[in-house]
Amino acid sequence: RGLPAALQQRPPQIAAVSALEREALGTLHANCGHCHNRSGHQVPLALTLAQRAADPEASRHELLASVLGVHGRFRPGDATLAIVEPGASQRSVLVQRMATRDPQRQMPPLGTRHPDTEGLARVSRWIDHTLADTSARTGLTPLSDRKEP
């Protein structure tokens, strides 16, 4: 009820290579995109997890570029882990932060007492199955490997 006509005629889409990826990107958008976005008021880590209705394919590309091969400040133990390691969700910082409720490490940082097990499963399956070959298939260069002009 009350949905603008433009949204009824052309509902927002999340660009994805599969239904599994669409579910994972939707989960990240809904739970993380309010902080991790391109608004200019970013949290200390420049992740782009929000989807933009005006350009869903560019949103997908930005999200992948901001997580593939990028190392954050979070270091579990002595390890230096990638935010997302394609094919290895358990070695991905994104999954570890979503799974913990340690108040200094949990994501999202507020308003949750328990991890979103369904959302965590979606994101883990996406990393393990869909992202295993995404960087090779798309030719995407992770931010950490880019040369500054």
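Averaged over the protein, the pLDDT is 83, and 85% of the residues score at least 70.

## Confidence along the chain

Among the elements of the protein, helix H5, which covers residues 117-130, has the highest mean pLDDT, at 95, while helix H6, covering residues 134-138, has the lowest, at 53. Over residues 141-149 the pLDDT stays under 50, and the model has 11 contacts beyond four places in sequence for this stretch. Where pLDDT is low, the predicted coordinates should not be read in detail.

## Overall fold

The protein has 6 helices and 0 strands, and, read along the sequence, its pattern is α-α-α-α-α-α. Of the 149 residues in the protein, 36% are buried. The protein exposes about 9,000 Å², of which carbon and sulfur atoms supply 53%.

## The largest pocket

Rolling a probe the size of a water molecule over the atoms shows where empty space is left. The largest pocket has a volume of about 460 Å³. It is lined by 22 residues, and the closest to its centre are His-36, Leu-45, Leu-47, Arg-97 and Met-107. Helix H2 (19-32) and helix H4 (93-99) are the elements that give two or more residues to this lining, and the largest share, 4 residues, comes from H4. Sorted by class, the lining of the largest pocket has 15 nonpolar, 5 polar and 2 charged residues.

Met-107, named above among the residues closest to the centre of the pocket, is also joined to Pro-108 by a cis peptide bond, with an omega of about -5 degrees. Pro-108 itself is found in the loop between H4 and H5.

Which residues does Ser-89 contact, once its neighbours within four places in sequence are left aside? Ser-89 lies in the loop between helix H3 (56-67) and H4, and its contacts of this kind are Val-95, Ser-124, Ile-127 and Asp-128. Ser-89 counts as buried because its relative accessible area is 2%, which falls under the 20% cut-off for a buried residue.

Ser-18, by comparison, is found in the loop between helix H1 (5-9) and H2. Its relative accessibility is 24%, so Ser-18 counts as partly exposed.

Arg-125 is found in helix H5, and it is partly exposed, with a relative accessible area of 37%. Leaving aside neighbours within four places in sequence, Arg-125 is in contact with Leu-20, Glu-23 and Thr-130.

The table lists two pairs of residues, with their separation along the chain and the distance between their C-alpha atoms.

| Pair | Separation along the chain | C-alpha distance |
|---|---|---|
| Ser-18 and Trp-126 | 108 residues | 9.4 Å |
| Arg-125 and Leu-20 | 105 residues | 7.6 Å |

Notes:
Residues numbered from 1 in each chain as written. Predicted model: local features only at pLDDT ≥ 70, side-chain atom pairs only at ≥ 80, totals over all residues. Heavy atoms only, no water. pLDDT = per-residue confidence, 0-100. Contact = heavy atoms within 4.5 Å. Buried < 20%, exposed > 50% of the residue type's maximum accessible area, 1.4 Å probe, protein only. Areas by Shrake-Rupley, 256 points an atom, 1.4 Å probe, with all protein chains shown as cover. 1 Å grid on protein atoms, 1.4 Å probe; cavity = no way out; pocket = protein on both sides within 12 Å on 5 of 7 lines; lining within 4 Å. Points joined across faces, edges and corners; volume = space filled by probe spheres on them. Nonpolar A, V, L, I, M, F, W, Y, C, P; charged D, E, K, R; others polar.
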